[in-house]
Amino acid sequence: MGPVSDSLDSENKARESKIHSYGRSFNGFAARLLPHEAAKLSNVEGVVSVFPSRKHRVVTTRSWDFLGLNRRSKRNPKIESNVIVAVLDTGIWINSPSFSDEGYGPPPAKWKGRCVTGPNFTACNNKVIGANYFDLDNVSQFTEPSVADTEGHGSHTASTVAGSAVEGASLYGLGKGTARGGVPSARIAVYKVCWSIFCSDMDVLAGFDEAIADGVDFISVSIGSVAVDFFRDSHAIGAFHAMKKGILTSCAAGNDGPELSTVENVAPWIMTVAATGIDRRFVTAFKLGNGKKFTGFSINTFSPRNQNASACEVDALSQSKVKGRIVYCLTTFTDYNIESLGGTGIIELLEEQTDSSPILLLPGAVIPPVSGKYIDLYINSTKDPRAIIYKSKTVKIAAPFVASFSSRGPQLISPNILKPDLAAPGIDILAAYTKLSSLTGKIADSRYSLFSVMAGTSMACPHATAAAAYVKSFHPDWSPAAVKSALMTTATPMKIKSEDAEFGSGAGQINPTKAVHPGLVYDISLDSYISFLCKEGYNSTTIGLLVGSKEYNCSKIKPAQGTDGLNYPTMHKQLSDPGSAITAVFYRTVTHVEHGASVYRANISSPVGLSVKVFPDSLDFAKAGERKTFKVVVKGEAMRDGTRILSALLEWKDSKHVVRSNILIYRQLLM
């Protein structure tokens with residue numbers, strides 16, 4: 001039993017404590033230990049780290065067209081069909097038309113995985129080629145475990161990546177069109193690591209271990225993970241081992257925005273995805289008895305009825321006041337209470353900014369405070385207040401913009417790496433759902449649908465995964481870092497700017513078709529990541545154990561250069577002293593990935609008070625595959641007058657390409 005028995009002083013006790021062994025792609029185990037046993041184990045030679053298994057939460061017809069990746073876009077169907085995307089989530093509803101394998105050939109020869117069947121999941125097919133589940137916490141102890149999706153979240157994310165095209169898809173007529181994944185020819189491998197909405201570290205690591213060994217090309221993880229030291233972060237550990245095998249991992253940035261320093265999944269070898277809005281929104285209109293009309297936000301699938309209305313006093317709700325009425329409440333998430341008391345509709349007042357539309361249990365709408373005062377006046381002006389709530393409709397809006405809920409940087413683990421990396425659609429996304437749950441997940445809800453609308457960085461993540469797979473289908477030999485670089489340097493800036501700048505959107509919103517021809521890429525090798533970890537202060541022994549070799553000695557490795565020590569597509573510095581002058585140096589190497597010779601010239605955009613210079617300011621490439629190195633020097637006086645973010649832009653331009661790198665300087669204001 002090795003390290004476990006060493007820490008428990010007993011072979012039998014070690015066997016009883018051990019829950020799971022990770023050994024297909026990396027070495028490790030999960031065990032039930034007391035605090036003093038865990039502490040003893042952490043000191044055993046050969047152990048990289050010991051950390052508690054935390055619980056994490058899981059965090060379309062229009063979105064792909066909005067991104068420019070439509071059904072007419074150029075594709076490599078043969079190569080795309082050979083791409084396997086692993087989805088670590090709540091499982092899958094295999095009976096959805098989004099997972100039909102009509103027209104698909106057998107799984108790629110490289111596939112080594114299994115198909116674990118169970119209740120409501122009797123077989124895989126040539127679209128969903130593999131399925132497995134991990135429940136090391138025994139959450140499903142009272143039911144027979146299965147890959148079948150009882151939440152809808154996993155089916156939604158899987159279909160967003162690689163769902164088959166389904167014409168006429170909608171949610172009760174809303175968002176009607178053809179639902180499809182970004183790489184509809186690709187194959188899906190499902191790893192159920194979340195039970196209800198919770199996902200434990202040990203299950204997530206088991207999913208990574210299995211997926212890497214099974215031969216997948218991409219791993220999509222729409223699961224939140226509060227940023228911690230990389231060697232105690234299951235997502236960072238799993239993604240590092242994936243990266244070693246040439247697999248890019250995409251992760252959700254988190255849903256704790258708009259506050260700063262909330263971004264999750266921040267390891268530089270992870271593609272961290274923020275959420276943006278697309279150019280449509282679902283809104284719900286309602287009319288008061290006095291004829292005044294208002295618009296709120298919700299997914300209201302119910303037909304309109306003219307009904308009595310009343311105010312909602314949360315502390316004194318009674319059936320006599322609620323039954324048969326549309327109820328106006330000064331808080332959100334009250335629809336379940338109102339429905340249980342016999343209410344027939346609800347209008348809720350927003351407590352904070354939102355840009356997504358919730359699915360309510362009753363006919364209803366969520367309204368901004370400015371509308372609330374008029375409703376108050378109306379209800380108090382008549383003895384017989386009435387209202388009609390209409391079925392939701394689609395409206396056009398300006399986009400892209402960063403979702404209010406999307407977690408923001410700066411990150412706290414590696415302060416000079418800008419996170420999130422990029423952004424993708426994550427507001428009101430229509431995709432596959434499950435027939436094992438109602439639309440709201442509540443028993444009182446009788447609505448079941450093959451498709452549903454969801455919002456979150458969970459929805460953004462699979463968009464970015466699919467975009468990466470699309471790029472890879474044109475460049476099968478590109479590394480994970482090269483694919484990620486192509487998406488970042490060709491990303492679309494936000495149409496609606498926010499004061500968070502790139503802390504909200506990273507490099508911008510993905511532009512998949514443009515990323516196929518990025519001009520230049522910032523590649524990162526395994527050795528470069530090791531050098532970066534040494535610069536970050538990680539122990540040589542720990543790094544060696546992580547990569548499976550004792551040869552890594554930080555004192556013998558060429559030191560990582562510059563402020564950040566990594567060949568990252570963006571450049572970032574957090575000032576340790578808020579009152580200090582700005583000085584930063586970034587060393588970068590770019591690879592020419594287009595055909596023939598080309599000359600790129602640097603173009604700098606910077607704000608007053610920030611000097612950005614590039615040496616050299618032109619790069620002359622003779623052929624594809626050639627590499628050139630340059631240095632960026634950033635200087636400025638101390639920031640004044642409450643300024644905390646200075647944002648600049650470096651663009652390398654030739655006759656056809658614009659290669660964008662955001663430069664962000666941040667200082668924490670003293671309280």
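**Loops, strands and a charged patch**

Biologist: Where does P410 lie?
Modeller: This is a predicted model. β22 covers 401-402 and β23 covers 422-425. P410 lies in the loop between β22 and β23.

Biologist: Which form does the peptide bond from G409 to P410 take, cis or trans?
Modeller: Most peptide bonds are trans. From G409 to P410, however, omega is near 0°. That peptide bond is cis.

Biologist: Is D428 buried or exposed?
Modeller: D428 sits in the loop between β23 and β24 (429-432). Its phi is positive, about 50°, although D428 is not a glycine. The cut-off for buried is under 20% relative accessible area. D428 has 2% relative accessibility, so it counts as buried.

Biologist: What is the relative accessibility of Y172?
Modeller: Y172 lies in the loop between β6 (166-171) and β7 (174-179). Its phi is positive, near 50°. Y172 counts as partly exposed because its relative accessibility is 35%.

Biologist: How many residues of β8 are buried?
Modeller: Strand β8 spans residues 187-192 and is mostly covered. In a regular strand the side chains alternate between the two faces of the sheet. R187, A189 and Y191 point one way from β8, while I188, V190 and K192 point the other way. The buried residues of β8 number six of six.

Biologist: Which residue in β8 is the bridge partner of N132?
Modeller: Strand β4 (residues 84-89) runs parallel to β8, with six bridges. There, V85 has I188 as its partner. Strand β5 (residues 128-133) also runs parallel to β8, with five bridges. The partner of N132 is Y191.

Biologist: Which strands stand at the edges of the open sheet of four strands?
Modeller: The order is β26-β28-β32-β30, with antiparallel pairing. Each edge strand has a single partner strand, so one side of each is left without a neighbour in the sheet. These strands are β26 (520-521) and β30 (611-615).

Biologist: Which residue in β32 does V614 stand opposite?
Modeller: β30 pairs with β32 (residues 627-636) over five bridges. The sense is antiparallel. Opposite V614 stands V632.

Biologist: What is the relative accessibility of D256?
Modeller: D256, E259, E351 and E352 form a negative surface patch. D256 lies in the loop between β12 (248-252) and β13 (270-277). D256 counts as partly exposed because its relative accessibility is 42%.

Terms used
Residues are numbered from 1 along each chain as its sequence is written. This is a predicted model: local features need pLDDT of at least 70, side-chain atom pairs count only at pLDDT 80 or more; totals for chains, interfaces and linings use all residues. Side-chain values use heavy atoms; hydrogens and water are left out. Patches are made of residues with over 30% relative accessible area and no salt bridge: like charges are joined within 9 Å, nonpolar side chains (Val, Leu, Ile, Met, Phe, Trp, Tyr) within 5 Å. Accessible areas come from the Shrake-Rupley method with a 1.4 Å probe; for residues, only the protein chains shown count as cover. A salt bridge is a side-chain nitrogen of Lys or Arg within 4 Å of a carboxyl oxygen of Asp or Glu. Lys and Arg count as positive and Asp and Glu as negative; His and the chain ends are not counted. The place of a charge is taken as NZ of Lys, CZ of Arg, CG of Asp or CD of Glu. Helices (H or I, at least four residues) and strands (E, at least two) are DSSP runs, numbered from the N terminus. Buried means under 20% relative accessible area, exposed over 50%, partly exposed in between (1.4 Å probe, protein chains only). Two strands pair if DSSP finds at least two bridges between them.
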